[in-house]
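The report below goes through one model, taking its helix and core packing, its aromatic pairs and its charged contacts in turn.

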Amino acid sequence: MIRLIQSPPETHFPVTSWSGHWVCGLRIERSRAMLLRALEGLTVGASIVELGCGAADVCGPLSGLWPYTGVDGSPDAIVTAKMRWPDGSFARASIERARPFPAGALCLFEVLEHLNDPEDLVKRWLPEVDACVISHPLNEKPADDDRWSRGYHLWSYSEADFDRWFEIGGHEIVEKVIFDLTWPGVGKCKTILGRSRRKESRPE
């Protein structure tokens with residue numbers, strides 16, 4: 001883990017739907033496909049909880065098929081998500097302070113790089129869920145941060161950091177992929193995406 005900035009901007013990251021974006025749309029579709037594979041191994045009616053849901057691009061389309069709760073600290077995100085996906089349940093809350101509850105699948109899409117203490121979050125949440133799907137940028141450099149996230153990423157993570165989220169949360173990785181997102185005039189950004197299932201014995 002490499003610290004990129006000491007504190008995030010006071011304003012929330014702008015709420016935008018990236019579903020139709022020709023670059024981010026690829027990540028969204030891959031993330032949703034991996035979530036569907038994670039849900040295949042769970043009981044019928046298993047619930048989905050997404051922390052840092054934003055406009056709910058990934059999970060929103062599934063909200064009419066599975067019980068879905070999206071949590072975000074941005075009031076604009078919650079208003080937008082509710083309008084787009086009326087079948088979902090949405091709550092405005094601090095992602096880092098939200099109290100864990102049992103669920104079928106936990107989704108952490110492009111959120112851990114924004115948190116002050118990501119390890120605390122995965123330690124508290126992963127033992128409560130049967131499966132987890134995580135994605136975030138890989139090996140960002142401090143000089144690149146303003147280009148990729150407009151200064152909103154607190155941390156840069158390696159593949160070893162990614163693997164450790166599941167380990168400290170008592171999960172085992174089932175599937176993992178690394179791919180490039182290419183932005184015109186900016187370059188390539190590597191993204192890592194993976195899913196896990198909870199081990200039979202929970203961490204102490």
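In helix H5, the residues Asp-161, Phe-162, Trp-165, Phe-166 and Ile-168 are buried, where buried stands for under 20% relative accessible area, exposed for over 50% and partly exposed for what lies in between, with a 1.4 Å probe and protein chains only. Helices (H or I, at least four residues) and strands (E, at least two) are DSSP runs, numbered from the N terminus. This is a predicted model, in which local features need pLDDT of at least 70 and side-chain atom pairs count only at pLDDT 80 or more, while totals for chains, interfaces and linings use all residues. Residues are numbered from 1 along each chain as its sequence is written, and side-chain values use heavy atoms, with hydrogens and water left out.

A nonpolar core is taken as a set of buried Ala, Val, Leu, Ile, Met, Phe, Trp, Tyr and Cys residues joined through side-chain atoms within 4.5 Å. The largest such core has 27 residues, and those with the most contacts inside it are Leu-51, Leu-106, Leu-108, Leu-112, Leu-121, Val-122 and Ile-134. Two or more residues of this core are given by each of strand S2 (48–51), strand S5 (103–109), helix H3 (118–125), strand S6 (129–137) and helix H5 (159–168). H5 supplies the largest share, four residues. A second, separate core of 26 residues includes Ile-48, Tyr-68, Trp-85 and Ala-105.

Contacts (heavy atoms within 4.5 Å) show how single residues are placed. Leaving aside residues up to four places away in sequence, Val-122 touches Leu-108, Leu-112, Pro-127, Trp-165, Ile-168 and Gly-169. Just after H5, Gly-170 takes a positive phi of about 75°.

His-136 is found in strand S6 and is buried, with a relative accessible area of 0%. Its side chain makes a polar contact with the side chain of Trp-165 at 3.2 Å; a polar contact is a pair of N or O atoms within 3.5 Å, where within protein one must be able to donate a hydrogen and the other to accept it, and residues adjacent in sequence count only if both atoms are side-chain atoms. Not counting residues up to four places away in sequence, His-136 touches Glu-110, Glu-113, Tyr-157, Phe-162, Trp-165, Lys-190, Thr-191 and Ile-192.

## Aromatic rings

Rings of Phe, Tyr and Trp (its six-membered ring) pair if their centres lie within 6.5 Å, and planes under 30 degrees apart count as stacked, over 60 as edge-to-face and the rest as tilted. By this rule there are four aromatic pairs. Phe-101 and Trp-125 have ring centres 5.4 Å apart and planes at 75°, so the pair is edge-to-face. This pair links distant parts of the chain, with Phe-101 in the loop between strand S4 (89–92) and S5, and Trp-125 in helix H3, 24 residues apart. Phe-101 counts as partly exposed at 32% relative accessibility, whereas Trp-125 is buried at 0%.

Phe-162 and Phe-166 likewise form an edge-to-face pair, because their ring centres are 5.3 Å apart and their planes lie at 75°. Being four residues apart in helix H5, Phe-162 and Phe-166 are separated by about one helical turn. Phe-162 is buried, with a relative accessible area of 0%, and Phe-166 is buried at 1%.

The charged end of Arg-30 sits over the ring of Phe-179, 4.3 Å from its centre; the criterion is NZ of Lys or CZ of Arg within 6 Å of the ring centre and within 35 degrees of the ring normal.

## Salt bridges

Side chains of opposite charge can pair when their charged atoms come close. With a salt bridge defined as a side-chain nitrogen of Lys or Arg within 4 Å of a carboxyl oxygen of Asp or Glu, the count comes to eleven salt bridges, including those in the table.

| Pair | N to O distance |
|---|---|
| Arg-32 and Glu-29 | 3.2 Å |
| Arg-164 and Glu-119 | 2.4 Å |
| Glu-159 and Lys-176 | 2.8 Å |

Arg-32 and Glu-29 both lie in helix H1 (residues 24–40), three residues apart, about one turn of the helix. Arg-32 counts as buried at 12% relative accessibility, while Glu-29 is partly exposed at 45%.

Glu-159 in helix H5 and Lys-176 in strand S8 (residues 171–183) are 17 residues apart, and their pair links distant parts of the chain. Salt bridges that share partners also join Arg-37, Glu-175 and Arg-195 into one network.
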